[in-house]
Amino acid sequence: MRRKIRKVLITGGAGFIGSEFVRQMCLTKQSLIVVDKLTYAADLCRLQEVEGKFKFYRADICDKKRMSSIVKKEKPDCIVNFAAESHVDRSIIDSDPFIETNIKGTKNLLDLVLKLEVPLIIHISTDEVYGDIKKGSFSEDSPLKPNSPYAASKAAADLLIKSYIRTHKIPAIIVRPSNNYGPWQYPEKLVPLAALMAIKNKKVPVYAKGKNVREWLYVSDCARAVITVMQDGRTGDIYNIGSSQERRNIDTVKSILKALHRPEGLIEFVKDRPGHDFRYALDCRKLKNELGWQPEVKFSEGLSLTVSWLIDNQAWLNKHSRKKLSIRFK
Ligand SMILES: NC(=O)c1ccc[n+]([C@@H]2O[C@H](COP(=O)([O-])OP(=O)(O)OC[C@H]3O[C@@H](n4cnc5c(N)ncnc54)[C@H](O)[C@@H]3O)[C@@H](O)[C@H]2O)c1
């Protein structure tokens, strides 16, 4: 039976995927509370079109006292945790913020769920916790073998959640999406960075020879999957969210250049990322068969929507490109 959820507290709601979740949830009748620390990756512009339809707190999920007072005051029926440091390259340069937010921040939320008896927490994990795979795909039962500090911090959070489910019987569900893309993505990730550089007629950096494979999930499909899991998912379970649409990075970049009418000569192969995962692929039969979710957006269609959005929103792209570190992409 579908859960009765009246009030949802969303952490990281000013981020790329969290904001899409908030925009979709604003079409429902639930009350929405957005909590975000507003790191470099956040932007409340992402929520402009739904302004006034949610309550906002600027807060850090690592701040026990503040988070406790927000949860006590708001009494949500569900917490959806999108808050994270999310960029692999940054985690290689400095993993401290990843350990803080992704592990300690998540643990803080788990303690609040336990202490304040929040009826449900949905935690957004990642396909990267499984490590890479040459052939086939990972199911929810595959062992965790993370390779980057980012993926290790996400895997640590998943293990903590599993331990709280078993030991404290907390009502938690973990979802593990594959690589997302779409409007509003911060231009340090592959798709918006490649588009930004190409629009400016600058060299587009590609790691090694660009043969690494990613499974591309359009952001609206991902957010819809999280809503499906929140409504109908089994407490204590894990759900992979993927699209089965695999592409080599080089082919993704070539498609972006083609859509922008730029030459492939802009591609610049650069030294590979240390520990770079070769291929990710998820088995999503559980989410499809048990909860009836299906991805709706094909990669070619999603990429064309994204590139059009980036062309129309170059001011936003430029605003964030100025904050960009001299690092490359996921
Ligand atoms: N982007 C992807 O391709 C992808 C794929 C799989 C899983 N994920 C996971 O999905 C979630 C959202 O990813 P995203 O791409 O939207 O990330 P993002 O970097 O765009 O947004 C993260 C948001 O969390 C906020 N935040 C960071 N630290 C915080 C803290 N301590 N307290 C409160 N808020 C904080 C930031 O301000 C930002 O608004 C993350 O957990 C990420 O690991 C992302």
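A crossing of two helices is left-handed if the near helix is turned anticlockwise from the far one by less than a right angle, and right-handed if clockwise. Helices (H or I, at least four residues) and strands (E, at least two) are DSSP runs, numbered from the N terminus.

This is a predicted model, in which local features need pLDDT of at least 70, side-chain atom pairs count only at pLDDT 80 or more, and totals for chains, interfaces and linings use all residues. Residues are numbered from 1 along each chain as its sequence is written.

**Helix pairs**

H2 passes H4 in a right-handed crossing. The contact involves Lys-64, Met-67, Ser-68, Val-71 and Lys-72 of H2, and Asn-108, Leu-112 and Leu-116 of H4; two residues are in contact if their C-beta atoms, placed from the backbone, lie within 7 Å. The crossing of H6 and H8 is also right-handed. Here Leu-190, Val-191, Ala-194, Ala-195 and Ala-198 in H6 meet Asn-249, Thr-252, Val-253, Ile-256 and Leu-257 in H8.

The table gives the geometry of each pair. Axes are lines fitted to C-alpha atoms, for helices over the stretch in contact, and angles run from 0 to 180 degrees between N-to-C directions.

| Pair | Angle | Axes |
|---|---|---|
| H2 (residues 64-74) and H4 (96-116) | about 40° | 10 Å apart |
| H6 (residues 190-199) and H8 (residues 249-259) | roughly 40° | within 10 Å |

The angle makes H2 oblique to H4, and H6 is likewise oblique to H8. Angles under 35 degrees count as roughly parallel, over 145 as roughly antiparallel, 65 to 115 as roughly perpendicular and the rest as oblique.

The contact of H2 with H4 has four nonpolar, two polar and two charged residues. That of H6 with H8 has eight nonpolar, two polar and no charged residues. In this scheme Ala, Val, Leu, Ile, Met, Phe, Trp, Tyr, Cys and Pro count as nonpolar, Asp, Glu, Lys and Arg as charged, and the others, Gly among them, as polar.

Nine of the 10 residues of H1 (residues 16-25) are buried. A residue is buried if 20 or more other C-beta atoms lie within 10 Å of its own, exposed if 12 or fewer, and partly exposed in between, with C-beta atoms placed from the backbone. The buried residues of H1 include Phe-16, Ile-17, Phe-21 and Met-25. Their cover includes strands S1 (7-11), S2 (31-36), S4 (78-81) and S7 (179-181), together with helix H7 (219-232).

H1 also gives the largest share of the shell around the ligand, three residues. H1, H4 and S7 each supply at least two residues of this shell. The ligand is surrounded by 30 residues, and the closest are Gly-12, Gly-15, Ala-41, Ala-42 and Ala-84; a residue is near a molecule if its C-beta atom, placed from the backbone, lies within 6 Å of it. By class, the shell has 14 nonpolar, 11 polar and five charged residues.

**Two buried residues**

Val-8 is in strand S1 and counts as buried because it has 26 C-beta neighbours inside 10 Å. Leaving aside neighbours within four places in sequence, the contacts of Val-8 include Met-25, Leu-32 and Val-80.

Ala-151 lies in helix H5 (residues 149-168) and is buried, with 26 other C-beta atoms within 10 Å. With neighbours within four places in sequence left aside, Ala-151 is in contact with Thr-126, Glu-128, Val-129 and Pro-146. Ala-151 and Val-129 are 22 residues apart along the chain, and their C-alpha atoms are separated by 5.2 Å.
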